[in-house]
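User: Hi! Could you walk me through this one?
Analyst: Happy to, here it is.
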There are 2 protein chains.
Amino acid sequence: MAFFPLSEIQSWERFYRGNFINGLSGFKSASLIATVNHDGISNLAIFSNIVHLGADPALIGFVNRPREAAPHTIRNIETTGEYSINLIPANLIEQAHQTSAKYGEGESEFKAVGLTEEWTGYSKAPFVLESPVKYCLEVQEIIPIKFNHTSFVIGAITAVFLDRQILAADGFPDLEKANIITSLGIDGYYGTERLARFSYAKPGTVLRVIE
Amino acid sequence: MAFFPLSEIQSWERFYRGNFINGLSGFKSASLIATVNHDGISNLAIFSNIVHLGADPALIGFVNRPREAAPHTIRNIETTGEYSINLIPANLIEQAHQTSAKYGEGESEFKAVGLTEEWTGYSKAPFVLESPVKYCLEVQEIIPIKFNHTSFVIGAITAVFLDRQILAADGFPDLEKANIITSLGIDGYYGTERLARFSYAKPGTVLRVIE
């Protein structure tokens with residue numbers, strides 16, 4: 001097993017170090033966040049650092065990179081208070097990755113990468129029509145992270161769209177059935193294969209596999 | 001496509017709603033966080049909501065559930081300032097899930113589930129000997145999330161251990177080669193299969209696949 005102290009990691013070339021550290025935190029839920037600006041122009045960007053904060057209230061958090069590097073999504077969320085998170089199926093990974101290119105604020109990534117805005121009465125933000133699992137949120141709090149000028153954005157889910165056939169009898173959305181991908185680092189996209197679902201763990205009892 | 005407004009989701013039975021909302025946020029980097037308490041007794045617990053905050057400084061954040069539900073890890077981090085994050089290969093998913101059982105503070109989950117403490121000179125916290133990718137951290141800040149009493153715990157990476165053969169030439173740690181799993185919801189574990197790595201995206205250029 002190789003060992004890398006921080007002093008060695010800090011000596012590495014910037015992109016090598018970025019790839020290394022980004023991947024360490026493991027497989028992520030890369031998703032497309034859609035917003036709209038004050039001129040009605042939509043924005044679409046891929047975010048991979050998304051967490052579940054709680055089910056009641058239903059809260060989701062995501063990390064926005066420093067504003068100077070990634071200004072549009074967070075500014076639009078501050079302007080309208082609303083956004084949508086759209087999960088990515090395997091057939092859309094090229095378009096999804098392409099949203100990370102630096103387009104100007106006047107140009108919508110939807111059109112640039114070839115995805116379709118889906119406007120509903122449920123959110124000021126559009127959804128991605130092609131996404132089979134998506135939900136809209138109202139922002140609750142934006143917490144500045146002082147160490148590196150990132151932001152932790154917390155939103156409350158207000159509505160969900162998904163293909164009903166991926167829903168298990170106990171409410172579990174089996175994203176694999178919709179070919180939803182997982183990501184690694186800043187540029188790796190992976191399909192999944194279920195190993196197991198396990199029953200609620202208690203000391204001294206044997207886990208049961210949930211079918 | 002099925003549509004679920006928040007009012008309907010809130011009317012659901014608690015466990016059904018929990019499964020549904022937990023899974024919505026997508027595939028996660030479930031990992032084992034190891035700590036030690038003031039009596040020297042180790043603690044090991046599975047956490048799935050882990051994010052990359054930045055590569056320089058190398059910062060990782062994770063969500064700790066409300067203290068009344070999950071007190072040990074966060075208390076140990078406050079006591080010692082240090083913890084390790086250990087990624088989970090497919091052959092350890094049962095032991096990893098079993099760490100979520102409510103063991104008393106005097107009982108180490110390492111022994112209870114059959115994993116091995118690995119003490120090093122690099123952290124006050126142990127590592128999981130059986131994990132092929134792991135790193136230790138010093139806590140930087142614990143941010144209380146006011147809406148539901150969870151905490152967002154930010155740590156700085158101080159050292160990394162991993163199998164050198166998973167490292168690509170550009171620093172990308174190909175976790176799939178170490179059979180690292182991804183998780184979904186509170187109880188689903190999945191293997192992965194690489195679809196693609198894509199080159200840095202720029203407007204108007206075609207993505208290249210990185211081998």
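User: Which residue of β3(B) is the bridge partner of I33(B)?
Analyst: I33(B) is partnered by A45(B) in β3(B). Strands here are DSSP E runs of at least two residues and helices are H or I runs of at least four, numbered from the N terminus. This is a predicted model, where local features need pLDDT of at least 70, side-chain atom pairs count only at pLDDT 80 or more, and totals for chains, interfaces and linings use all residues. Residues are numbered from 1 along each chain as its sequence is written, chains are lettered from A and ligands numbered from 1 in the order in which they are written, and side-chain values use heavy atoms, leaving out hydrogens and water.
User: How many bridges join β2(B) to β3(B)?
Analyst: Six, and the strands run antiparallel; strands pair if DSSP finds at least two bridges between them. They form a hairpin with five residues between them, and G40(B) in the turn has a positive phi of about 85 degrees.
User: Why is β3(B) largely enclosed?
Analyst: Six of its six residues are buried, so the rest of the structure largely encloses β3(B). Buried means under 20% relative accessible area, exposed over 50% and partly exposed in between, with a 1.4 Å probe and protein chains only. S42(B), L44(B) and I46(B) cover one side, with N43(B), A45(B) and F47(B) on the other.
User: New topic: what lies over the face of F172(A)?
Analyst: R197(A), at 3.8 Å from the ring centre. The cut-offs are NZ of Lys or CZ of Arg within 6 Å of the ring centre and within 35 degrees of the ring normal. Likewise, R14(B) lies over the face of F15(B), at 4.9 Å from the ring centre.
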